[in-house]
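Hi,

Here is the structure I promised to pass on to you. Have a look at it first, and then read my notes below.

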Amino acid sequence: MKKMNTIDDFASQFERASDKSLRRGELLSAHAFFRIGGPADLYFQADSLSDLRTIVLLSRKTGLRHAVIGGGSNLLFDDDGYRGLVIQNAASGIVDSPNATLIEADSGTPLEAAVEFAAARGLTGMEFLAGIPGTVGGAVYGNAGAFGRSTGDILEYALLLGWDGSETHVTAGALEFSYRHSVLKSRRDVLLRAGFRLALGEEREIRAKMADELALRARRHPVRGAAYPGSYFKNPVLSDGCRQAAGYLLEQAGARGLRSGRAAVYSGHCNFIINEGGATARDVRALAAELKRRVFEKFGIALEEEVIFLPAAGPGA
Ligand SMILES: Cc1cc2nc3c(=O)[nH]c(=O)nc-3n(C[C@H](O)[C@H](O)[C@H](O)COP(=O)(O)OP(=O)(O)OC[C@H]3O[C@@H](n4cnc5c(N)ncnc54)[C@H](O)[C@@H]3O)c2cc1C
């Protein structure tokens, strides 16, 4: 009863203070590439940085459990949904700077829009991000990358909304990027905006490089529209310091053909778990646990999930 009051009080306070409405019981499966996830108590799509700031700060002030998500392309939502408020960041906008090699994007900008923006201006450096779904915020949070390059390599600065409501510009160094990691994973800051340092290039060459990389992806990934969130596990570091493809280890450990309910290892690449239609988070997690068990048994290597599981309840952001 107490919880309902908190939810209702929050909703009426927010709806009174803004002209925006919150959705109740929104199915999170509609917001995840995995197409898995039950209802959230409250859901809000922030279409501007101002909306994002307002709702995050009110959640913090009132102590409402909340999570900021981007495009939902790296997430596994719980079958029980989310107790609290899910804020989907759709604050989108990009500007270029007078010196023409820096572009600045609001964190809810689709990554592919940022890549296209740079290409259209003849700015090179972002081509490796072509084909990675999601938002600029999600890419910075998880230091998304491909072909040996990562988001942190081109990030010049970020504007962060701190837990106390302060806004700080930080340089890339402060975000402590490493393989699929940034300091945002251990702090509760929200990325508001990011500046990327690029270089002058030829649009034709940039587009040719993007096309090559997209073609490589098309060969490796399941068909467009398949329900999966990219690679399930990170590539682990071996004792010689080199990274080994998790897909190779999984294949050697007999992952091909494994399934749990409607979740299955993709036949073309063992590091993809796909929802064949109607899979639950429970199916996916059971399959992932079996995959980890097999790799550990065969190689003594503990795989770590790249996909982020957002539990329905528990300590929240
Ligand atoms: C087909 C496919 C291919 C993929 N290929 C790649 C690839 O090649 N390389 C790669 O690295 N990834 C890949 N991914 C995974 C995914 O696209 C990336 O991790 C992406 O950067 C996630 O962005 P998102 O906006 O969807 O984040 P979400 O999945 O919505 O969220 C991921 C995490 O980021 C946090 N977050 C999001 N926005 C913010 C913000 N503004 N401030 C603070 N935290 C935030 C969320 O809280 C959450 O914990 C792929 C996924 C798919 C479906």
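Which backbone atom of proline 133 lies 3.1 Å from an oxygen atom of the ligand, by element type? It is a backbone N or O atom of proline 133 that sits at that distance from the ligand oxygen. Before going further, please keep in mind that this is a predicted model.

An oxygen atom of the ligand is 2.8 Å from a polar backbone atom of glycine 71. For threonine 135, the side chain takes part: one of its polar atoms lies 2.6 Å from an oxygen atom of the ligand. On its own the ligand has 980 Å² of accessible area, and the protein covers 91% of that.

Most residues other than glycine have a negative phi. Asparagine 143 has a positive one, near 45 degrees, and its place is the loop between α4 and β9. Is asparagine 143 buried or exposed? Asparagine 143 counts as buried because its relative accessible area is 3%, under the 20% cut-off.

Phenylalanine 147 also has a positive phi, of about 55 degrees, although it is not a glycine. This residue is found in the loop between β9 and β10 (149–150). With a relative accessible area of 34%, phenylalanine 147 is partly exposed.

Last, a few words on strand β7, which covers residues 102–106. How many of its five residues are buried? Four of them are, so the strand is mostly covered. Strand β7 pairs with β6 (residues 94–96) in the antiparallel sense over three bridges, and one of the bridge pairs joins isoleucine 94 to alanine 105 in β7. Strand β7 also pairs with β13, again in the antiparallel sense, over five bridges. There, aspartate 106 has arginine 193 of β13 as its bridge partner.

Happy browsing, and do write back with any questions!

Best wishes

Key. Residues are numbered from 1 along each chain as its sequence is written. This is a predicted model: local features need pLDDT of at least 70, side-chain atom pairs count only at pLDDT 80 or more; totals for chains, interfaces and linings use all residues. Side-chain values use heavy atoms; hydrogens and water are left out. A polar contact is a pair of N or O atoms within 3.5 Å; within protein, one must be able to donate a hydrogen and the other to accept it, and residues adjacent in sequence count only if both atoms are side-chain atoms. Accessible areas come from the Shrake-Rupley method with a 1.4 Å probe; for residues, only the protein chains shown count as cover. Helices (H or I, at least four residues) and strands (E, at least two) are DSSP runs, numbered from the N terminus. Buried means under 20% relative accessible area, exposed over 50%, partly exposed in between (1.4 Å probe, protein chains only). Two strands pair if DSSP finds at least two bridges between them.
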